[in-house]
Amino acid sequence: MEQKFQKGKNHGIGVLTSGGDSQGMNAAVRAVVRETLRQGHRCYLIREGYTGLITGNIDQATWEHVANVTHLGGSMIGTSRCDEFRTTDGRKKAAKIMFDRRIFHLIVIGGDGSLMGAQKLKEEWGRFGEELFAEGKITEEVANEGRELHLAGIVGSIDNDCIESDKSIGSDTALHRICEAIDGLVMTAQSHQRVFVVEVMGRHCGYLALTAAIAVEADYVFYPEIPPDDKWPEQLCHQLESVRKYGKRQNVIIIGEGVTNSKGMKIGGKQVKEEIETRLGLEVRIATLGHLQRGGEPTFLDRLLGLRMGHEAVLEVLKTTEDVGSPIAGQKTVAQVMCLRGHNIERNELSRVIRQTETANEEMQQRNYDLACRLRGFGFLDKRTYLNFVSVPLSFTIPEDMKTFAVIHIGSPCAGMNAATFSFTRMANHSGIKVLGIKNGWDGLKNGDVKLLTWENVQGWAQAGGSMLGAKRQLPSELDKIAEGLNTHKVDGLVIIGGFMAFQSALVFQKNRSDYSCLSIPIVVIPATISNNCPGTCMSLGVDTALNEICRQVDNISQNAMGSKNKVMIIETMGSRSGFLATMTALSTGSQFALIRQIETNEDDLYKLAVETKQRLDSGNLDKFLLIRSEGASEKISAITVKMVFDQVMKNKYGVRITNLGYSQLGGHPSCFDRQMGIRMGVRAFEGIVKPDKMGKRDCCVIGLRGSSLRYVPVQGLENKVCFEHGIPLHMWWLKLHPLVEAMTKKPERIST
């Protein structure tokens, strides 16, 4: 199959958002508009979803239409559920409008129902064209020009029920809101020793309920894929009694939308409340979050996902696909939907994705729950296992002569460290294994500063930011003392949680095993650093929380810049020598430039950039200029140097200001992503240490997020894949996204009309 980009012709590309609104849609719309204009084509904003397509509520987009929208919630072009579009006549009306406007390329952002409607329109498109021509409503020239509808879909739904995609736009923000709300409820619940029953959205998919339950250390969760049997009230109350005996003062129970028991009878918050009050006499409150889950500003991940998917969707609809086996070779195209797999955007056939989603829903209705779970993906069964281990109290006392594992935090504190420690401890305790927390880095091990971690005393750690053990930036020295510490405490396995120094520490131990027998134990590194510079993984713990906080602060700075003389803002992020934070910040906030070490920039380049920026500000094509500088971008070009160059060019007409975000970037409470990923990594670390054969031939590994799965990556194999001088991996996947910073912000000199 050969793929070619269409050239030499001006195309009309329409974009619409349909169904329920979800955060990140505006980022996707912005990317569609700007990439379309950048490619030299016309872009149309179809307002109010399919209703606007039928009524002709369509505007031709300009570059300025989508300025300063990335941080806004909802959909800037409106969305609706349109019953008329479900009919053949309604879709024919929409086709007539599209032929009149010469819109033969369409990008639809919405849930499975919206994408299903788009697929039907594509399937009927050829017949509609013939009928409209036969009725004299369009000319032969227009009918020939629009013989084919080029269609691409982007899944925008908080339910995250698209089979082929790890994430849909809006789901991360919804989880963020759920965690924020429950964190607040826990405060008051603990004061009054209450039980909170929290009802969350999700329709037929339990992704939101199950993932949130893991992230907030919920005591029980109901979700559609695994309905409880008739004995659920006894099981629920037994669980609540058990955790109360361990000193827990509050309980959280999460109920997903559309939950039933194994016989198909609906289970609601009121019923759960009555059972608990009757059986246990506890004070119970019901909290229905409702549309609050859709509210607020989009998270970093939804902004980035919207931008990337919008950009890829434009490239997709501007392709022609020649399939030799097709009866209409060179003409018939297959609609694709943009899907996230790990950190890659993949294209999947839209009709097949729709069929799979329908099949999963049908299996749910037929009560084939195991099959529905497997079709859903998302690791439903694994997540259920995690939740059982981290929420169910121990029913036995750990013998003194059992194995002992140790956990240490190395590097700078960051979100997710405590979540990983929390799940590792509880998994180990359930297997009858003791866990020691080594406090304050390697010095703590040498000085005997350790703490016994138990199921009880790690309660609440998943929601806590920073490092509860104390993290220290140091490599292991005085190996004799470290070996003495390991021998004294009879450590049988070690988890090192941290960034590049954690990897280096494991490498030191690996190389010195022949001299110290106590180092010949299973060792696992859990990557945790906001710099995202630990080798062997595409994403480290702490990054998501940091970027959410950075986005919030940059949004505020951007807003202030628009209303003042200070139009040039230089914002410095952390990240050491890695430009990851700066690049992701620029992409997710609409900043115009990212100054990083990996892309060479000299003072001449900066001067040219400053001159161009002043011209754009003078012409009104730019209302403010945000430059994101990574702290390790260059020894020669500091933030002050950048300011001096811009001040020289601006000549006091526009103010230039520097903001160093500092340690505020670490954030407060961990994001839902960092919590649940930390818990997953902690579980995976335990599995590797308790059964080293799972790690393969090497039992000293980094747990790497590769694609959608967590894998064991041998430390020794990574030695030649890093730059030790700068503390970064040699291959950084995110660099391929850096060109999008300029592509999404630099207006082309000529734009098609």
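The model is predicted: local features need pLDDT of at least 70, side-chain atom pairs count only at pLDDT 80 or more, and totals for chains, interfaces and linings use all residues. Residues are numbered from 1 along each chain as its sequence is written, and side-chain values use heavy atoms, without hydrogens and water.

Four strands, in the order 20-21-19-22, form an open sheet with parallel pairing. Strand 20 (593-595) and strand 22 (656-660) are at the edges with a single partner strand each, so one side of each has no neighbour in the sheet. From one strand to the next, the twist averages 20 degrees. Strand 19 (residues 568-573) pairs with strand 21 (residues 625-630) in the parallel sense over six bridges. Here isoleucine 570 stands opposite leucine 627 in strand 21.

Helices (H or I, at least four residues) and strands (E, at least two) are DSSP runs, numbered from the N terminus; two strands pair if DSSP finds at least two bridges between them.

**Helices across the sheet**

| Helix | Lies across | Angle |
|---|---|---|
| Helix 18 (residues 543-562) | strand 19, strand 21 and strand 22 | about 170 degrees to strand 19 |
| Helix 21 (residues 639-650) | strand 19, strand 20, strand 21 and strand 22 | about 165 degrees to strand 22 |

Angles run from 0 to 180 degrees between N-to-C directions, and axes are lines fitted to C-alpha atoms, for helices over the stretch in contact. Contact means heavy atoms within 4.5 Å.

**Alanine 685**

Alanine 685 belongs to helix 22 (residues 672-690). Alanine 685 is buried, with a relative accessible area of 0%; buried means under 20% (1.4 Å probe, protein chains only). Apart from neighbours within four places in sequence, alanine 685 is in contact with Phe424, Val495, Val524, Ile526 and Ile703.

Notes
Buried means under 20% relative accessible area, exposed over 50%, partly exposed in between (1.4 Å probe, protein chains only).
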